[in-house]
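Welcome! Let us take a walk through this structure together, one part at a time.

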Amino acid sequence: MTTVVRALLRAALISLALTGAAFAVEPDEILDDPVLEARARALSAELRCVVCQNESIDSSNASVARDLRILVRERLVAGDTDAEVLDHVVARYGDFVLFRPPWKPVTYALWLGPALVGLIGFVAVVLVLARRRAAGPVEELSPEEQAAYEAIGRDAGESR
Amino acid sequence: MTRLALALPLLIALTIGGALLWGLDAGRDPSAIPSVLISQPVPEFDLPPVPGTGVPGLSAADLGAAGGPILVNVFASWCVPCRAEHAVLSRMAREDGVRLMGINYKDEPGDALAWLEELGNPYERIGSDLAGRAGIEWGISGVPETFVVDAAGTVVHRQVGPILGPDALAEVERALAAAAGAGT
């Protein structure tokens with residue numbers, strides 16, 4: 001490879017390495033206080049965008065997401081705690097807007113389900129292994145059985 | 001014990017199969033988010049009117065003492081399905097005597113005025129929500145959305161998307177009838 005091509009390749013690789021996680025926060029939304037802004041980013045990452053539902057409002061480009069980002073920052077500037085900000089949004093949009101489902105009777109199945117299924121699978125595996133071990137070791141053939149086995153082998157070889 | 005062990009794989013297969021069958025239902029919308037406003041009083045908001053339309057602005061107080069079921073329609077001039085829905089809403093207001101209030105969401109008042117002058121204004125009141133903050137109070141995720149509010153100011157139904165097609169129309173009319181029946 002020529003020097004030029006190698007240099008171009010190096011530049012391309014470096015620029016690829018410099019890309020960070022995608023986020024949709026625009027410069028006019030960023031708060032002046034870096035601590036509050038960091039809290040805002042953390043909270044935004046926990047809130048689901050109700051339009052594009054597998055994205056957080058931090059990374060969604062929807063206009064509702066931008067409004068919610070601004071709302072989160074306003075609540076933080078007004079002095080709300082993190083929990084209060086999340087409650088404020090949940091009061092308007094419901095639990096579904098939280099990426100981390102709350103621990104409520106209606107979500108017990110959601111939280112405990114995977115562990116329960118894993119436990120059932122684990123117990124099944126243990127039972128199967130225990131049953132296999134209880135079946136005992138394979139027995140050796142007796143001398144008569146061994147002679148009969150070799151006779152069958154010779155007959156099979158001759159008929160070929 | 002052995003009989004249970006024999007039946008267990010069948011039971012597990014039936015349970016999982018049943019769950020998958022439930023998931024295949026064509027009428028189910030997995031992205032539908034139930035509104036937290038159902039059975040709650042209308043959220044607090046106070047919006048100025050859209051200048052030039054001749055109808056007053058909209059606030060929570062207007063919805064609390066209405067005396068009958070109301071349709072609160074969130075619309076915008078830049079929203080294409082709203083154009084299609086406009087004819088349905090106008091007919092409901094004109095022929096069925098439905099009381100229609102509008103929230104003009106994130107719309108320049110000039111654009112909204114031009115849109116209403118072109119298509120007609122079926123709204124009794126229109127609140128201009130340029131910042132979109134009242135929309136967040138109502139928990140909307142887009143435009144258009146329509147809410148059915150009963151005489152006591154309680155939200156009884158939320159319609160996401162335009163009221164087009166027989167199913168959507170039937171749902172809204174059913175909610176209106178229920179709201180009318182409950183209010184008396």
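Predicted model: local features only at pLDDT ≥ 70, side-chain atom pairs only at ≥ 80, totals over all residues.

Begin with chain A, which has six helices and zero strands. Along the principal axes, its C-alpha atoms fill a box of roughly 95 × 65 × 25 Å.

How much of chain A is buried? Of its 160 residues, 25% count as buried. The chain exposes about 11400 Å², and carbon and sulfur atoms supply 65% of that area. As for charge, chain A carries 17 positive and 23 negative charges, whose mean positions are 3 Å apart.

Now move to chain B and find helix H4, residues 109-119. Here B:Ala112, B:Trp115 and B:Leu116 are buried. Seen down the axis of H4(B), the buried residues fall within an arc of 95°, so they line one face of the helix. There is a simple background to this: an α-helix has 3.6 residues a turn, so residues three or four places apart point the same way.

What covers the buried residues of H4(B)? The cover includes strand S3 (70-75), helix H3 (80-95), strand S4 (99-105) and strand S5 (125-129) of chain B. On the other side of H4(B), B:Glu117 and B:Glu118 are exposed. Just after the helix comes B:Gly120, which takes a positive phi of about 100°.

Technical notes
Residues numbered from 1 in each chain as written. Chains lettered and ligands numbered in written order. Heavy atoms only, no water. Buried < 20%, exposed > 50% of the residue type's maximum accessible area, 1.4 Å probe, protein only. Helix = DSSP H or I, 4+ residues; strand = E, 2+ residues; numbered from the N terminus. Arc of directions from axis to C-beta. Contact = heavy atoms within 4.5 Å. Areas by Shrake-Rupley, 256 points an atom, 1.4 Å probe, with all protein chains shown as cover. Lys, Arg positive; Asp, Glu negative; His and termini not counted. Charge placed at Lys NZ, Arg CZ, Asp CG, Glu CD.
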